[in-house]
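My entries follow in the order I made them.

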Amino acid sequence: MAAIAGEVITQVGTNRTVVAIDGQDGTDLERVAAALVSGFAQHGVHAMAAAAPSSDIDVLRSDIVIPFRTTGAGDGVLVVHGTGLLAPRTRTLWRWSLWVEQESGRLERRADVKIAASAVLDVTDPEHPRREWNDAC
């Protein structure tokens with residue numbers, strides 16, 4: 001997870017950055033969020049996790065994104081986890097996103113998420129999650 005945190009740091013920075021974690025039914029998104037927060041800590045970046053109160057864009061914006069971005073200054077990452085965060089309507093809220101899955105053949109059924117997510121994480125073995133490299137070529 002430190003490598004994934006490093007990817008976020010390199011690609012979008014850490015200045016009030018909001019990261020979304022969504023996933024396949026049955027995945028433990030809270031556990032993945034906690035692990036990613038620990039990954040940021042390994043890089044010396046302050047991060048915290050929050051459960052999405054809803055998948056409604058207006059609720060997410062007013063209850064999660066705006067308060068985080070407008071309170072405090074400087075480095076900080078908020079890792080929001082919940083179902084529906086990578087839906088077409090809500091994708092634009094996040095600076096970076098992670099799709100979590102745990103079964104084979106999953107990407108064929110979720111090509112829309114493959115395109116939307118910044119990265120895909122396979123947690124088929126929850127003790128040894130691995131970054132999927134889903135090249136389009």
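I counted two strands as paired if DSSP finds at least two bridges between them. Helices (H or I, at least four residues) and strands (E, at least two) are DSSP runs, numbered from the N terminus. The model is a predicted one, so I kept to its thresholds: local features need pLDDT of at least 70, side-chain atom pairs count only at pLDDT 80 or more, and totals for chains, interfaces and linings use all residues. Residues are numbered from 1 along each chain as its sequence is written, and side-chain values use heavy atoms, with hydrogens and water left out.

Entry 1, the sheet. I looked up the strand order and found an open sheet of 6 strands, S2-S3-S1-S4-S5-S6, with mixed pairing. Its edge strands are S2 (47–51) and S6 (130–132), each of which pairs on one side only. The twist averages 30 degrees from one strand to the next; axes are lines fitted to C-alpha atoms, for helices over the stretch in contact, and angles run from 0 to 180 degrees between N-to-C directions.

Entry 2, strand S1. I traced S1 (residues 17–23) to S4 (residues 96–101) and found the two parallel and joined by 5 bridges. S1 also runs parallel to S3 (residues 77–81), again with 5 bridges. Ala20 stands opposite Ser97 in S4 and opposite Val80 in S3. The bridge partner of Ile21 in S4 is Leu98.

Is S1 buried or exposed? I took buried as under 20% relative accessible area, exposed as over 50% and partly exposed as in between (1.4 Å probe, protein chains only). S1 is largely enclosed by the rest of the structure, because 7 of its 7 residues are buried. Thr17, Val19, Ile21 and Gly23 are buried on one side, and Val18, Ala20 and Asp22 on the other, so both faces are covered.

I listed its contacts (heavy atoms within 4.5 Å). Leaving out residues up to four places away in sequence, Ser97 touches Ala20, Leu86, Ala116, Ala117, Ser118 and Ala119.

H1 (residues 2–12) lies across S1, S4, S5 (119–122) and S6, and runs at about 155 degrees to S4. Its buried residues are Ile4, Ala5, Gly6, Glu7, Val8 and Val12. Their cover includes S1, helix H2 (29–42), S4, S5 and S6. Just after H1, I noted a positive phi of about 80 degrees at Gly13.

I placed Phe68 in helix H3 (residues 57–70). Phe68 counts as buried, because its relative accessibility is 5%. Not counting residues up to four places away in sequence, Phe68 touches Arg16, Thr17, Val18, Met48, Gly76, Val77 and Leu78. Phe68 and Val18 are 50 residues apart in sequence, and their C-alpha atoms are 8.2 Å apart in space.

What sits over the ring of Phe68? I found the charged end of Arg16 there, 4.1 Å from the ring centre. The criterion is NZ of Lys or CZ of Arg within 6 Å of the ring centre and within 35 degrees of the ring normal.
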